[in-house]
Amino acid sequence: MTKFETTRNNSNLKAEAFILEHDTELSTITLYPDLKTGFTNYLAKLKTAILNQNVNIKVITTNKSLIKETLNATMVKYMLRASIQAHQLGKVEIEDALNLSENHILYTPDNLAATTAQNLYNLMNANAAVLTILKPADFTEMQAAIDSFTSIQVLPVKNIQHKKAVGTGLIPMLLDEVDIYKSLIGKLIHSYLPALAADWDDTVKVGKPAGTRHISIIMKFRDADTGDPVINVTTTFTKGSLTEVRKSTKRGCIQIYTLEVGAWTATSVSEIYNTVVNTNISVGDKRTARITLKLQKKVQPDDGTTPVTTGYGNGYGVMYNSVSLEPIAKGLVFLDKVAEPIETDDDGSWGNDHIPADSKTIRGSADGYANYFKNITITPDSDNEIDLPMDPIDDGPPAPDA
């Protein structure tokens with residue numbers, strides 16, 4: 001539902017409560033029962049449509065991902081066997097066609113993955129007389145994996161279409177129908193029960209969409225010497241017993257919404273910059289307070305020692321096959337001074353926005369690849385791009401029963 005549809009529905013729910021509370025008085029009006037029935041029936045349909053719209057289809061998408069992994073693993077298992085036999089028999093064209101990366105299908109877009117797998121199946125099946133390493137049961141297993149992925153691929157689309165048919169698509173029409181009966185009941189109240197009219201009008205009034213916000217304060221943090229944005233500045237906004245806490249973004253900015261009108265205090269704290277306190281920040285309904293702070297780095301102690309905390313940087317990059325350049329999913333990235341390893345996403349990417357500046361090494365690990373090691377320099381309060389090219393390990397052909 002849109003925000004405005006939500007506010008309209010909230011009005012209907014309040015009208016329902018009003019009607020229930022004053023049903024005895026309203027029931028004395030001859031025209032009321034039919035209007036009440038119409039209102040109640042359409043509101044019930046609207047509630048059902050809203051429930052249908054909120055059905056979660058993410059589990060289908062998750063299952064599709066798992067089935068795609070199964071498809072990839074099944075096809076690769078037999079492609080490897082077939083390509084090895086084709087090589088031994090001197091069937092170069094077949095070998096080349098099957099000599100794809102082990103994640104080729106996995107990283108093929110969903111709408112092409114089943115077709116790609118089917119084409120590879122057809123190639124092996126057409127050459128079954130030559131590729132004797134493959135048995136009829138192997139072809140049955142491959143086709144079952146292809147059919148399974150093909151079937152589930154269309155489910156999210158079908159479920160979205162179903163949700164639209166029984167949920168999203170019905171809601172605007174049902175809201176209009178409920179409004180008709182709500183308006184007619186309102187006319188009855190104004191005509192027969194004028195003492196309740198003002199209360200009814202106030203109850204069913206459609207207000208501003210829930211969630212509508214205005215920006216109360218914008219704060220920007222800049223290094224006093226370089227003018228660069230300063231990230232991870234924790235700012236606590238207070239007004240009496242009210243408290244809001246925000247942290248500056250990669251752009252060195254904080255935006256805070258819909259604060260209570262009045263004078264606020266902002267205390268900004270950083271591990272490598274001096275604390276700054278701003279008092280009497282004026283917040284109004286239609287006014288945005290804009291503040292830019294130029295932060296000074298903390299002064300080194302008189303004894304010449306370096307403060308323990310040296311700041312943090314944002315690190316990110318991609319782990320990829322150094323030969324095929326394909327991304328590596330579910331690899332692990334280890335950073336000096338960071339307790340837990342970071343697992344790469346499906347596109348091979350990794351990231352951590354809180355890497356200590358004194359972190360000096362990075363290491364990558366992934367199944368089928370040699371460990372990667374590199375000395376690094378993390379620049380505090382900045383983006384640090386570090387890619388990890390991983391060298392594949394050639395373990396030779398799989399065992400016959402693989």
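This is a predicted model: local features need pLDDT of at least 70, side-chain atom pairs count only at pLDDT 80 or more; totals for chains, interfaces and linings use all residues.
The side chains of Asn 321 and Tyr 369 are joined by a polar contact of 3.1 Å.

Asn 321 sits in strand β8, which covers residues 312–321. Its side chain also reaches the backbone nitrogen of Val 323, at 2.7 Å. Is Asn 321 buried or exposed? Its relative accessibility is 10%, so Asn 321 counts as buried, because the cut-off for buried is under 20%. Beyond its neighbours within four places in sequence, Asn 321 is in contact with Glu 326, Ile 328, Tyr 369, Met 390 and Pro 392.

What surrounds Ile 362? Setting aside residues up to four places away in sequence, Ile 362 touches Val 333, Phe 334, Leu 335, Trp 350, Tyr 372, Phe 373, Lys 374, Ile 376, Ile 386 and Leu 388. Asn 375 is 13 residues from Ile 362 in sequence, yet their C-alpha atoms are 6.4 Å apart in space.

Now turn to the cavity. The structure holds one cavity of 30 Å³ or more. The volume of the largest cavity is about 30 Å³. Its lining is made up of Val 76, Met 79, Leu 80, Leu 98, Leu 100, Ser 101 and Glu 102.

Technical notes. Residues are numbered from 1 along each chain as its sequence is written. Side-chain values use heavy atoms; hydrogens and water are left out. On a 1 Å grid over the protein atoms alone, a cavity is a set of points where a 1.4 Å probe fits but cannot get out, and a pocket is an open set with protein on both sides within 12 Å along at least five of seven lines; lining residues have an atom within 4 Å of a point. Grid points are joined across faces, edges and corners, and a volume is the space filled by probe spheres set on the points. Contact means heavy atoms within 4.5 Å. Helices (H or I, at least four residues) and strands (E, at least two) are DSSP runs, numbered from the N terminus. Buried means under 20% relative accessible area, exposed over 50%, partly exposed in between (1.4 Å probe, protein chains only). A polar contact is a pair of N or O atoms within 3.5 Å; within protein, one must be able to donate a hydrogen and the other to accept it, and residues adjacent in sequence count only if both atoms are side-chain atoms.
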